Amino acid sequence: MKNGVEPSYQMRRIALERGLNGVDGVAENLPFEDNFFDLVLMVTTVCFVDDVLKAFKECFRVLKNSGTILIGFVDRESTIGKIYQANKRKKSIL
């Protein structure tokens, strides 16, 4: 099963329904051992973490030496970014 880190209980429930193991946590303090993953994927995350540098350090900590990190982001000043920011604590942003 694929793992995902999500601080929202509601979003973790939705992830589980979609076949993803949602683990309670945040990017700045990942609840995994060092060198654990082959791939770290951060999508619509970088724009909204409190400490980007700490989040990146955590990603590289849990990533295997031969692993890959893939980052996709939404500019928080864009229209969709503002919607995400305004609704980031809700179950759904739309």
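Which residue just after helix 1 takes a positive phi? In this predicted model, that residue is glycine 19, with a phi of about 85°.

Helix 1 itself spans residues 9–17, and Arg12, Ile14 and Ala15 are buried in it. Down the helix axis, these buried residues fall within an arc of 160°, so they line one face. An α-helix has 3.6 residues a turn, so residues three or four places apart point the same way. The buried residues of helix 1 pack against strand 2, residues 20–23. Tyr9, Leu16 and Glu17 lie on the other side of the helix, where they are exposed.

Now turn to the interior. In soluble globular proteins, nonpolar side chains tend to be buried together. Here the largest nonpolar core holds 13 residues. Phe32, Val40, Met42 and Val62 touch the most other members. Strand 3 and helix 2 (52–62) are the elements that give two or more residues to this core. Take methionine 42. Leaving aside residues up to four places away in sequence, methionine 42 touches Ala27, Ala55, Phe56, Cys59, Ile69, Leu70, Ile71 and Gly72.

Is leucine 39 exposed or partly exposed? Its relative accessibility is 48%, so leucine 39 counts as partly exposed, because the exposed class begins only over 50%.

Key
Residues numbered from 1 in each chain as written. Predicted model: local features only at pLDDT ≥ 70, side-chain atom pairs only at ≥ 80, totals over all residues. Heavy atoms only, no water. Buried < 20%, exposed > 50% of the residue type's maximum accessible area, 1.4 Å probe, protein only. Helix = DSSP H or I, 4+ residues; strand = E, 2+ residues; numbered from the N terminus. Arc of directions from axis to C-beta. Contact = heavy atoms within 4.5 Å. Core = buried A, V, L, I, M, F, W, Y, C linked by side-chain atoms within 4.5 Å.
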